[in-house]
Amino acid sequence: MEITGYTAELLNDPTGIIEGERYEFFLELDLDEEDELYTEGGVKLRVLFAVHDGREWIANYDFIEAATGKPMGFALEEDEEQEVLEYCRNNKDA
């Protein structure tokens with residue numbers, strides 16, 4: 001899995017219920033055709049990235065079929081989750 005691009009947006013919480021900041025990332029992925037996640041239409045990873053009191057973490061994520069927008073129900077492996085976390089950390093203010 002290789003991250004080839006992204007879009008990110010700082011989410012607004014008009015209720016003030018959520019402490020800290022939340023970012024919604026859509027990561028564009030390049031997958032090998034042999035990967036179980038591979039689809040011809042492409043795959044994106046939607047990530048809710050949270051920042052509060054100096055702590056940064058992935059609050060939630062979903063693999064999404066790029067062509068249809070449908071969630072795929074797969075989980076990141078531990079090393080992939082670390083890679084995504086670092087990617088979000090490095091790009092949240094870009």
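Five aromatic pairs are found in this structure; rings of Phe, Tyr and Trp (its six-membered ring) count as a pair if their centres lie within 6.5 Å, with planes under 30 degrees apart called stacked, over 60 edge-to-face and the rest tilted. One of them joins Y6 and Y87 edge-to-face, at 5.6 Å centre to centre and with 85° between the planes. Y6 lies in strand 1 and Y87 in helix 1, so this pair ties together parts that are 81 residues apart in sequence. Helices (H or I, at least four residues) and strands (E, at least two) are DSSP runs, numbered from the N terminus.

Another pair is Y23 with F49, which is tilted: 6.3 Å centre to centre, 50° between the planes. Because Y23 belongs to strand 2 (residues 21–30) and F49 to strand 3, this pair links parts that are 26 residues apart in sequence. Y6, Y23, F25, F49 and Y87 form one aromatic cluster.

Before going on, a word on what you are looking at. This is a predicted model, where local features need pLDDT of at least 70 and side-chain atom pairs count only at pLDDT 80 or more, while totals for chains, interfaces and linings use all residues. Residues are numbered from 1 along each chain as its sequence is written, and side-chain values use heavy atoms, leaving out hydrogens and water. The predictor's confidence in each residue, pLDDT, runs from 0 to 100; its mean for the protein is 91, and 99% of the residues reach 70 or more.

Y23 is buried at 5%, and F49 is buried at 0%, whereas Y6 is partly exposed at 27%.

Four of them form an open sheet in the order 1-2-3-4, with antiparallel pairing; two strands pair if DSSP finds at least two bridges between them. Strand 1 (2–10) and strand 4 (55–65) stand at the edges with a single partner strand each, so one side of each has no neighbour in the sheet. Strand 3 (residues 43–52) and strand 4 run antiparallel and are joined by 10 bridges. For example, V51 has E56 in strand 4 as its bridge partner.

Finally, look at R55: its charged end sits over the ring of W57, 4.1 Å from the ring centre. This label requires NZ of Lys or CZ of Arg within 6 Å of the ring centre and within 35 degrees of the ring normal.

Key. Buried < 20%, exposed > 50% of the residue type's maximum accessible area, 1.4 Å probe, protein only.
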